[in-house]
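Have the viewer open as you read.

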Amino acid sequence: MRLSSTTFSLLLWVFITALGGCAGPQPKFVAVPNELPAAAPLKDLRVALVLSGGGARALAHAGVIEVLEKHHIPIDLIVGSSAGSVIGALYADNPDAQQLRKKIIALNKWDLLDINFSSGIRMFWQLRGPVEGNAIRCFLQKNMRAQYFDHLLIPLAVVTTDIHRGEAFVIRSGPLVPAIHASSAVPMVFSPVLIYGRTLVDGGVASPVPVEIAERYAPKIIIAVDIGTSPDYGPVTNAYQLGVRSLHISYYKLAYWQNLQADVVIHPAIDAFGMFDDHANEDMYKAGFDAATAALPKIQQLLADKQVAV
């Protein structure tokens with residue numbers, strides 16, 4: 001999660017637009033049950049693919065997936081946090097790297113961000129954000145065939161953060177779209193998502209690279225893709241910069257410790273891009289492709305060592 005002047009510009013633009021904009025029509029989605037349904041057990045997993053948060057940099061996840069698919073690396077479970085849950089869900093729904101690329105390569109941030117006048121005002125005294133999340137829900141509904149987790153062709157674990165309990169909350173069952181929306185609900189931008197008796201926000205708050213979630217299901221190999229960036233070090237000149245820098249350092253350090261638990265960490269060279277940048281989608285995709293290609297010999301050796309057939 002790269003929080004920089006780009007983020008500040010986005011937040012300022014969102015606020016100004018919220019003052020003069022209006023909410024769009026509410027889309028219709030499948031009903032969410034009061035309680036999280038029981039998820040199907042997962043057994044005999046060979047490879048779990050962990051996809052981190054990172055906003056627009058998630059294009060790199062798709063580049064990684066293309067390489068894994070091309071070389072027949074089995075993916076038995078996808079664990080996604082924030083933007084990683086979006087890419088993970090799209091691929092779990094239709095495991096075809098070229099189709100995934102077509103769906104996302106031309107995306108820009110305004111395809112996924114909708115501005116709500118009322119929420120933009122109420123965020124100052126309520127748990128709201130200027131972005132309601134209808135746009136990301138509509139995008140997911142349009143681009144996925146499955147409506148429920150048990151309809152996916154690859155098992156998926158979506159990581160959210162329960163903001164009241166201060167812990168990661170994992171969703172593997174029930175309706176897909178609300179879970180992915182919750183996992184992607186960046187605080188101060190999106191309104192929190194209220195489902196299953198919880199107040200849920202971006203999964204990256206509690207678990208930016210959720211390797212420890214993947215470990216729960218005992219796969220033989222965990223491949224983590226970290227699209228986070230290192231903090232901008234140097235002097236800060238105001239309280240806003242201080243807060244942003246502090247959050248970025250915490251995020252970066254937590255991601256570092258989570259990566260240590262993975263068998264393979266793929267870290268695309270995307271430090272130059274912010275989480276809301278959408279002017280270089282091809283470059284971010286290629287960065288993921290190149291990083292996965294470089295990691296391929298280690299992955300193949302691990303598969304051989306653990307006698308995993310490909």
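Strands S3 and S4 (residues 167–171) run antiparallel and are joined by five bridges. Keep in mind that this is a predicted model, where local features need pLDDT of at least 70, side-chain atom pairs count only at pLDDT 80 or more, and totals for chains, interfaces and linings use all residues. Residues are numbered from 1 along each chain as its sequence is written, and side-chain values use heavy atoms, with hydrogens and water left out.

**How S3 pairs up**

- Strands here are DSSP runs of E with at least two residues, helices are runs of H or I with at least four, and both are numbered from the N terminus.
- Two strands count as paired if DSSP finds at least two bridges between them.
- On the S4 side, Asp162 sits opposite Glu167.
- S3 and S4 make a hairpin with four residues between them, and Gly166 in the turn has a positive phi of about 65 degrees.
- S2 (residues 77–81) pairs with S3 in the parallel sense over four bridges, with Ser81 standing opposite Val159.
- S6 (residues 198–201) runs antiparallel to S3, joined by two bridges, and Leu200 in S6 is the bridge partner of Asp162.

**How covered S3 is**

- Buried means under 20% relative accessible area, exposed means over 50%, and partly exposed is in between (1.4 Å probe, protein chains only).
- Seven of the seven residues in S3 (residues 156–162) are buried.
- That goes for both faces: Leu156, Val158, Thr160 and Asp162 on one side, and Ala157, Val159 and Thr161 on the other.

**Salt bridges**

- The whole structure has six salt bridges, each being a side-chain nitrogen of Lys or Arg within 4 Å of a carboxyl oxygen of Asp or Glu.
- Arg101 and Glu282 meet in one of them, at 2.9 Å, N to O.
- That pair links distant parts of the chain, with Arg101 in helix H4 (residues 97–104) and Glu282 in helix H10 (residues 281–305), 181 residues apart.
- Arg101 is partly exposed at 21% relative accessible area, and Glu282 is partly exposed at 44%.
- Asp162 and Arg165 form a salt bridge at 3.5 Å, N to O, and Asp162 counts as buried at 1% relative accessibility.
- Asp290 and Lys286 meet at 2.7 Å, N to O; they are four residues apart in H10, so about one helical turn separates them.
- Finally, salt bridges that share partners join Asp162, Arg165, Glu167 and Arg198 into one network.
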